[in-house]
Amino acid sequence: MIIMNHTKRLLCMVIMLMVMIPAMRAEDFSAKDVVLEHIKDSHDWHITDIKTSDGELEPVAIPLPVIVKSSTGWHVFSSSQFEHHADANGLRQGPFGLAIATEGEHAGKIIENGETVLDLSITKTVAVMFINVIILLCCVLLCARWYKNRKASDDAPGGFVGFMEMMVMYVVDEIIKPGIGKGYEKYVPYLLTCFFFIFTCNVMGLIPFPPGSGNVTGNIAVTFFLALCTFIIVQFSGNKHYWKDIFWPEVPTWLKAPLPIIPVIEFVGIFTKPFALMIRLFANMMAGHAIAVAITCIIFLVASQAVAVQLSMSALSVLMSIFMMCLECLVCFIQAMVFTMLSAVFIGLARVEPEHE
């Protein structure tokens, strides 16, 4: 059943790629552009390209709100007001003297007279993240509604509510409680939110068409914010023993005075822990999306070869893509679990008491 589900997703991805590059010769196909198009953020939600009567490729995209502050003030308009194709300077011209750069150091950003502007737009990543949050809220409220009319002595729930209870109990009993220890209860809401938010974003990212296809956890800004939240909670949860181990650890005196070698290392460790959280989630999810799309592109890269080569490489590409999609499904859960587990461990280390106490 799992293989069948992922086969359907893969076929959807292949069909979308086939629609994106109609009548395109193999030598004109750029796997790099297709992969980057899938993983990067944008001001519109690109779906596919269609070939017009004059032979030009016309993009089909869902426009998103643009909110920017330029030299003439704040502007709110639809991204559909930008030109679909870039001019000779690599700019997609838009209203109010604004344009989207398609190349150079400001590629993908809205600029005015060659300089970037304050951009608070609802980009593709933000739109997908809002959808994921709404889906997650619906799931939580659905479960809450079920429990509202039940007593503790009633039978255990089944179906979707039972699955959610199993997931919550697993995260609390196997990840949060062992990682933090005594007093773990007040950190449960935050860590459960992290787990289910990351898991939902990861799973929705496997869907190759709206409302999915967004590379939310593969965006460094999203993982940075999640890691920053964990960093703040860890520092405010730290007890006096935690700070003592940083600035005056139990090591020979010559290692901490007059040159504070160990204290400096421990202080740097405060920032390397959330940095590792940020990079681990970002790199794993971005790489997974890129590899899955790149393997699918093999089909089109060998389109100009002999029929035997086309069939053999296409079959290999499909099998490898199915394997990668199944692996990505596992990675979706593992990365959410790892982020939550490491956050719990970091919080627990900040609250640990001396052994003699």
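Colleague: Where is Thr-123 found?

Modeller: Thr-123 sits in the loop between β9 (118–119) and α3 (124–148); helices (H or I, at least four residues) and strands (E, at least two) are DSSP runs, numbered from the N terminus. This is a predicted model, in which local features need pLDDT of at least 70 and side-chain atom pairs count only at pLDDT 80 or more, while totals for chains, interfaces and linings use all residues. Residues are numbered from 1 along each chain as its sequence is written, and side-chain values use heavy atoms, with hydrogens and water left out.

Colleague: Why is Thr-123 called buried?

Modeller: Buried means under 20% relative accessible area, exposed over 50%, and partly exposed in between (1.4 Å probe, protein chains only). Thr-123 has 11% relative accessibility and therefore counts as buried. Leaving aside neighbours within four places in sequence, Thr-123 is in contact with Asp-41, Ser-42, His-43 and Leu-64, where contact means heavy atoms within 4.5 Å.

Colleague: What makes Asn-113 exposed?

Modeller: The relative accessible area of Asn-113 is 75%, so this residue is exposed. Asn-113 belongs to the loop between β7 (110–112) and β8 (115–116), and has a positive phi of about 55 degrees although it is not a glycine.

Colleague: Why is Phe-96 called partly exposed?

Modeller: Phe-96 has a relative accessible area of 46% and is therefore partly exposed. Its place is the loop between β5 (91–93) and β6 (99–101). Phe-96, although not a glycine, has a positive phi of about 60 degrees.

Colleague: What makes α3 roughly perpendicular to α4?

Modeller: α3 and helix α4 (residues 159–180) pack at an angle of about 105 degrees, with their axes 10 Å apart. That angle makes α3 roughly perpendicular to α4. Angles of 65 to 115 degrees count as roughly perpendicular, under 35 as roughly parallel, over 145 as roughly antiparallel and the rest as oblique. Axes are lines fitted to C-alpha atoms, for helices over the stretch in contact, and angles run from 0 to 180 degrees between N-to-C directions.

Colleague: Which residues have the most contacts inside the largest nonpolar core?

Modeller: They are Ile-176, Ile-180 and Leu-191, in a core of 48 residues. A nonpolar core is a set of buried Ala, Val, Leu, Ile, Met, Phe, Trp, Tyr and Cys residues joined through side-chain atoms within 4.5 Å. Apart from this core lies another, of 8 residues, among them Val-68, Phe-77, Phe-82 and Ile-110.
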